[in-house]
Amino acid sequence: MTFDLVIRGGTIVTASDVTKADLGVRNGRIAAIAEHISEGNMVIDAGGRLVLPGGIDAHCHLDQPQAPGLAAKGAKMADGFRSGSISAAFGGTTTIVPFCVQHRGESLTAAVADYHRRAEGQSVTDYAFHLIVSDPTPAVLGQELPALIRRGHTSLKVYMTYDAMQLSDRQILDVFETARQEKAVMLIHAENHEIIGWLADRLECQGRTKPVAHATSRPLPVEREATHRAVTLAEIAGVPLVIVHVSGGEPLEEIRRARARGHVVIAETCPQYLLLTESDLEMPGMLGAKAMCSPPPRDREAQAALWRGIEDGTIEIFNSDHAPYCFDTDGKLKAGPNPSFRAVANGIPGLETRLPILFSEGVVKGRIDLPRFVALTATNNAKLYGLHPRKGTIAVGADADLAVWNPEKRMTITNDILHHNVDYTPFEGMEVQGWPETVVSRGQVIVQDNKLIGKPGRGRFLAQDSSSAWKTREISAWI
Ligand code: DUC
Ligand code: ZN
Ligand code: ZN
């Protein structure tokens, strides 16, 4: 029987192996991996190319209704599911997992229904949702969450900072307890809210309102303390915990200590923490706002500590934290041309540049090998968020989500080559080596030679299975 698509002559990379083989696709799935496959209705010549599982970006923000405190008042996200998924696809990513946010006073079930409407008919890639719990009422904890988790939303996020979303330690324990009962995996944004508020007030009183004060108000100990508290809460409640966007060595040490105690803690980092530093927030005028994210970028020492964490396996997932605010008046500077750092929307774009940056800085520079690149950008996310083995690997039966990757191609990142709706990239001018040429989702070519082939709306919602974090070992609670 002939195949719908054959990818011939490439080097197939998975999280464990690098093999020269042909790949046959039938009905959207990988149907054969063999030395030679001759019959195909469509054939892609992958000679001299790598064939990678399509990337999974499991930390991105798209069309997120504004929560006061996360964004400047009125700042709007520039990317929804359409432009966000298109940008992801051009960068070799075939699955996205953005956040559905519950605002205080709102039902989580209603927020999920609303977010499905925002995604409907828009995405060119497949997608799932993490759920942000901002108002853990008895109804949310007792009825809504268990029902939503059973419908495939098996990853939940809580915040320790941001006025509109921050939960107390007690509320976090409440959410963790439901997660334990229903076997959901928890993600946490770990920064100490009280310290940030205290430092920010003092900086404003001193007239220090430029973007760099954002970094001064959120120094590394703010993240270290919150990380320690977050893993402690998770230990008490007996849940695995994902610490998102780890920015330096001190929080990483907290994570190592918790893992050494036998606890399941998963660390994520993002391109901005490997490439940017606080000095990027010191650019003239308000330009530093382009590098404003939370936690903020740190220094060279923090970058080196993160690379050590990637190399020794402490950091297991690599995502963009794409938060698409334009620099112009609808975005970061919505509060006016010269606003205080506190009124600037936090976050930077990165869906499209995530894979090229890690490939270039990690694989090409010899810091990580090809299987580890695939593990960090696809396979570990798929396992952690209940999408494996459908997604995140190249195996018979898996969805044919693939990036045919040119490992030699040199590119200079400039905003005009990217496909997001954001008016800047913080990586402007950066030289990278390695770029996707053909991107395939469920057997359909969605990007080829820098052209969009897939139709927005073809992407499907993915119900998540339970996380691998629950399967690794029995996790005990204190109660
Ligand atoms: N930090 C967050 O916590 N979320 C979105 C963007 C950011 O910088
Ligand atoms: Zn965050
Ligand atoms: Zn985020």
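**View 1. Two zinc ions sit 3.6 Å apart, ligand 2 and ligand 3.** The structure is a predicted model, where local features need pLDDT of at least 70, side-chain atom pairs count only at pLDDT 80 or more, and totals for chains, interfaces and linings use all residues. Residues are numbered from 1 along each chain as its sequence is written, and side-chain values use heavy atoms, with hydrogens and water left out.

**View 2. His-189 and His-245 hold the zinc ion (ligand 2).** Here ND1 of His-189 and NE2 of His-245 coordinate the ion at 2.1 Å; donors are N, O and S atoms within 2.8 Å of the metal (3.2 Å for Na, K and Ca), and since water is not among the atoms, sites may look incomplete. The two residues are 56 residues apart, His-189 in strand S11 and His-245 in the loop between strand S12 and helix H8 (helices, H or I, at least four residues, and strands, E, at least two, are DSSP runs numbered from the N terminus).

**View 3. Three protein donors meet the zinc ion (ligand 3).** Look for His-59 (NE2), His-61 (NE2) and Asp-321 (OD), 2.1 to 2.2 Å from the ion. His-61 lies in the loop between S6 and H1 and Asp-321 in the loop between S14 and H11, so the pair ties together parts 260 residues apart in sequence. Both His-61 and Asp-321 are buried.

**View 4. Helix H10 covers residues 300-312.** Its buried residues include Leu-306 and Trp-307. After H10 comes Gly-313, with a positive phi near 90°.

Methods:
Chains lettered and ligands numbered in written order. Expected span 1.5 Å × (residues − 1). Buried < 20%, exposed > 50% of the residue type's maximum accessible area, 1.4 Å probe, protein only.
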